[in-house]
Amino acid sequence: MRETISSTVPLYPAAADKLKFRGLLFAVAIALLILPKLFSSGGSLTTFSLVGISIIFSMSYNMLLGQTGMLSFGHAVYYGIGGFLAIHAINIIGTNKLPIPLPVVPLIGGLTGLLFAVVLGWVSTRRSGTAFAMISLGVAELVASSALILRTFFGGESGISANRTRLFRVFDWSFGPQVQIYYLVAAWMLIAVIAMYALTRTPLGRMCNAVRDNPERVQFVGYDPHVVRYLAFCFSGFFAGIAGALAAICFEIANSAYLGAVQSGTVLFATYIGGVGFFIGPIVGAVFVTLLSLGLSDLTAVWQLYFGLIFIAVVMFAPGGITGLLMMHRPLLEAGTLGRVLPSYFIAFVPTAAMLTGFIVAIEVTVHYAVNSGDDSRIKAFGVSFDAASRYVWAMSAVLLIGGFLVARRTWTRVRHAWDDATGAAREQGIPA
Amino acid sequence: MLELIVISTLNGVLSGMQLFLMASGLTVIFSMLGVLNLAHASFYMLGAFFGYQISRWFGFWPALLIAPLLAGAIGAGVERFGLRRVHNSGHVAELLFTFGLAFAIEELVQIIWGKSPVDFRVPPSLDFPAFTIFSTNYPVYKMFMLLVSVAIFTALLITLKKTRIGLIVQAALTHPHMVGHLGHNVGRIFMLVFGIGTALAAVAGVIAGPALVTQSNMAGSLGPILFVVVVVGGLGSLPGAFVASLLIGLIQTFAVSMNGSLAGAFGPLGAADEPTWLADIWGVTIAQIAPVIPYALLVLILIFRPMGLLGTRDT
Amino acid sequence: MSSAIELRAVEKRFGNTSVIRNVNLTVAPGERHALIGPNGAGKSTLFNLISGYMKPTAGSILLRDQVISGLPPYQINRRGLSRSFQVTNVFASMSVWENLRCAVLWATGYRYAFWKNIDNLPDVRQRTTRVLENIGLTARRGVPAGLLTYAEQRALEIGITIAGGADVILLDEPTAGMSHAETERAVALIRRLTEDRTLLIVEHDMSVVFGLADRISVLVYGQIIASGSPEEIRGNPKVKEAYLGEEAA
């Protein structure tokens with residue numbers, strides 16, 4: 001029994017593992033390279049670029065929340081400041097004809113994020129927990145409201161813009177077409193993800209995890225948890241700055257929304273929904289949330305409400321996020337007992353889906369009456385048209401919602417039993433589950 | 001000048017009392033449940049919108065009673081069916097839950113009442129000047145707000161001193177770790193405390209609604225100020241929250257009414273017309289930096305006195 | 001060097017309550033020194049004072065003739081004093097291997113290094129492997145510390161304490177809550193691991209104390225009422241009255 005456990009974690013990575021890691025990187029690089037060939041429309045390239053930026057930003061956020069245990073409500077400060085500096089840098093480089101090409105500009109954004117983190121971080125990271133969350137909120141509000149006062153630098157409400165194509169060119173890339181921006185984002189994303197992965201595998205990276213788990217004990221193995229938190233904060237600010245600069249390059253504008261509470265909230269949502277306990281969690285979250293916000297906004301007018309409800313649901317029912325949910329099943333897969341839970345999932349799926357449908361219809365009908373009650377009552381949400389004034393629709397929604405809940409509750413109990421059974425069987429085989 | 005000082009002091013005290021109406025609930029909830037309720041200002045907003053809706057249907061006075069009860073019931077439900085479940089996942093999950101809740105409530109309010117301000121007016125029975133100081137008419141509605149706040153504090157103080165629940169709350173304020181040993185009905189007490197705390201915020205919302213602007217962003221703009229108040233006063237300290245509420249209220253009203261700037265004091269910089277970095281800082285008025293002051297205060301407090309003004313616990 | 005640890009007139013008050021009163025204590029280098037006393041006598045508080053977790057209200061604490069009172073815990077640890085905790089205090093979500101490696105890092109000089117791959121540090125790996133073998137958890141190295149059995153967690157707790165190579169070790173009730181067999185194994189472990197080091201140990205199990213210690217000090221109501229060899233302590237009437245007698249009765 002013990003052999004299985006120890007064999008899963010070797011004392012040091014075997015040559016085969018290193019090869020596997022390099023192979024994976026290579027495959028990702030190839031995939032990023034050919035992606036624009038498969039989806040070449042401007043819209044999808046913009047989407048890919050936004051996903052890439054969001055991945056860098058979310059991963060930088062998870063250096064705080066997932067790796068070091070610091071909940072920040074003001075991470076957009078470093079993202080936004082990176083964006084503003086990138087725009088100013090593009091303008092200065094363009095006006096003075098400096099021999100600096102556009103691909104270097106994100107580094108300027110990153111260094112700005114780093115500088116701000118260095119200055120603001122020492123005070124912020126003195127404590128963790130609620131105190132850190134509060135001071136991050138305070139600093140964020142301080143910077144966001146200052147941005148509206150310093151109009152010359154931040155451009156007031158409208159922000160400041162730049163023309164990214166006027167810079168010094170290498171290989172004759174103008175960075176006008178979206179596909180070139182896509183490659184710029186993809187390259188920086190790959191570099192940033194590798195760098196952040198490497199960082200988790202250093203002495204500092206491991207001490208970050210130790211500080212997250214038990215800041216008190218860290219002091220008794222020779223480390224000052226404040227310094228550990230501070231360094232993590234600085235790195236996090238650096239990568240957030242890179243993400244902000246890429247966003248500014250992508251849109252050729254930086255405005256106060258970059259630094260605002262909504263931006264800070266979005267990165268928190270993405271990271272947490274993806275799963276803070278895993279390295280790939282924020283990647284999953286960034287992809288999911290970016291696509292969801294783009295997709296949902298086409299399907300329904302109140303997508304932000306669904307967004308918030310999904311977040312609350314994840315906090316309540318799946319604290320490990322999407323990645324956590326999936327990884328929970330890994331021991332079952334290893335033990336070969338996954339088959340014991342799957343049937344109960346299928347059974348639970350039907351009433352749960354019915355309940356959610358009823359809920360969504362109820363929301364959409366309410367929205368219709370609240371927002372545009374004078375208009376035509378035939379509404380369309382999620383691609384389905386229905387009559388919001390029809391009693392039949394109301395009744396159906398109520399039946400689905402209440403009936404679905406009552407039936408679903410029983411199937412969830414069933415899922416729980418099947419789960420206990422499957423994990424119990426896995427444990428008997430010596431697989432920790 | 002004297003007029004300005006008197007009026008600003010009155011307004012400042014009033015705004016401070018309003019803040020305390022919310023900060024007191026937030027503080028008690030934090031002491032007992034260990035959760036900083038990030039959605040607290042959302043209940044203030046719910047109070048204002050419920051108040052608006054109910055006063056349109058039944059008039060202002062029923063609204064003043066029903067809206068807080070409604071918001072408090074929602075608060076109690078949130079504690080019972082949401083927070084209690086999340087509690088096992090730790091403090092970060094609890095903070096995140098209230099954060100998500102604040103987001104969802106704002107969206108809901110936006111959906112139901114729209115983004116623009118609603119027409120929530122001072123009831124005619126209270127819409128006349130109370131007295132005139134110098135040349136300014138001081139509205140009776142503001143006196144009414146002050147009166148309601150003071151009445152609620154008196155009631156709270158009596159509850160705190162004379163009832164069993166009050167004693168438990170007091171014990172929780174001084175010995176937060178002992179809350180777990182209160183016995184089998186601890187769940188009900190938590191629900192009650194959360195319900196009352198949110199109802200208090202809603203009262204503040206109902207009475208502030210007509211005086212200020214009732215709009216879907218009111219929680220988002222007030223929430224952070226509220227956290228400044230409880231952190232500056234000292235997390236978990238009721239007297240601290242009181243002092244900090246008044247302090248922030250006064251600072252904000254005074255700052256808004258002042259137009260001084262470095263340029264005003266020292267004359268314009270060389271080429272004053274040219275917009276530069278420095279000119280921005282030089283020309284900014286105190287009124288313009290008013291929104292920044294509370295946060296600057298928060299950062300300073302966290303640097304120099306992390307337990308807050310009257311707090312005993314290190315945050 | 002005359003002493004490994006020396007406490008001079010150390011006082012600790014919480015508000016009006018004196019928890020530690022005028023404690024003078026000297027632990028010689030290489031000595032195994034046990035601290036005994038009834039519950040609530042202030043033994044854990046004394047450990048907290050020595051290790052920097054709390055600051056004494058008055059008096060001074062010296063580590064190898066240098067004053068350490070007032071220093072934060074990590075600086076005291078860097079000077080070669082390491083402690084364990086009465087309630088298991090490990091990095092719960094990290095594996096046994098990671099737990100021990102974190103405890104080795106500072107001592108091997110890598111500090112806050114963020115430019116070195118942690119898996120490519122032979123000295124860290126060797127040292128961690130050695131500690132892992134010493135505490136007998138090699139087969140469990142990949143298991144998250146939070147999922148270990150109680151006895152295993154206690155062993156890990158000791159492992160983390162000694163991993164950094166400190167030569168002054170403070171153990172706070174290392175065998176508390178263990179079965180008889182587990183206790184015997186733990187004592188053998190402690191004896192082996194603290195070879196050539198100075199040990200200050202708080203312990204309730206008298207067979208452990210008298211089997212392990214070169215010297216014993218008795219703490220009652222925040223004061224040291226006796227200090228001496230096991231025989232002297234056994235024969236001391238004051239101790240019998242205040243402590244051992246109580247237990248015999």
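**Chains, a helix and a strand**

Me: Which residue in S8(C) does C:Val168 stand opposite?

Reply: Welcome! This is a predicted model, where local features need pLDDT of at least 70, side-chain atom pairs count only at pLDDT 80 or more, and totals for chains, interfaces and linings use all residues. Residues are numbered from 1 along each chain as its sequence is written, while chains are lettered from A and ligands numbered from 1 in the order in which they are written. Strands (E, at least two residues) and helices (H or I, at least four) are DSSP runs numbered from the N terminus. In S8(C), the residue opposite C:Val168 is C:Thr198.

Me: How many bridges join S7(C) to S8(C)?

Reply: Two strands pair if DSSP finds at least two bridges between them. S7(C) also pairs with S6(C), in the parallel sense over three bridges, and there C:Ser82 stands opposite C:Ile169. S7(C) and S8 (residues 198-202) run parallel too, and the number of bridges joining them is five.

Me: Are the residues of S7(C) buried or exposed?

Reply: A residue is buried if 20 or more other C-beta atoms, placed from the backbone, lie within 10 Å of its own, exposed if 12 or fewer, and partly exposed in between. C:Val168, C:Leu170 and C:Asp172 point one way from the strand, and C:Ile169 and C:Leu171 the other way. Five of the five residues of S7 (residues 168-172) of chain C count, so the strand is largely enclosed by the rest of the structure. On both sides, then, they are all buried.

Me: Why do the buried residues of H4(C) lie on the same side?

Reply: The buried residues of this helix are C:Val124, C:Arg127, C:Thr128, C:Val131 and C:Leu132. They lie on the same side of H4(C) because the arc they cover around the axis, taken from the directions from the helix axis to the C-beta atoms, is only 140°.

Me: Which exposed residues does the other face of H4(C) carry?

Reply: What covers the buried residues of H4(C) includes H3 and helix H5 (150-163) of chain C. The face turned away from that buried side carries the exposed residues C:Pro122, C:Asp123, C:Gln126 and C:Glu133.

Me: Which chains share the most contacts?

Reply: Two residues are in contact if their C-beta atoms, placed from the backbone, lie within 7 Å. No contact joins chain B and chain C, whose closest C-alpha atoms lie 13 Å apart. Of the two pairs of chains in contact, the one with the most contacts is chains A and C.

Me: Which helix gives the largest share of the side of chain C that touches chain A?

Reply: That contact takes 42 residues from chain C and 31 residues from chain A. Among the elements of chain C that each supply at least two residues are H2 (73-78) and H4 (122-134). The largest share is six residues, and it comes from H3(C).

Me: How many residues does H6(A) give to the side of chain A that touches chain B?

Reply: Here 37 residues of chain A are in contact with 41 residues of chain B. Several helices of chain A each supply at least two residues, including H6 (129-149) and H12 (261-274). The largest share comes from H6(A), with 14 residues.

Me: How far apart are the centres of domain 1 and domain 2 of chain A?

Reply: The domain bounds come from an automatic or database domain assignment, which divides chain A into domain 1 (2-323) and domain 2 (330-428). Taken over C-alpha atoms, their centres are separated by 33 Å.
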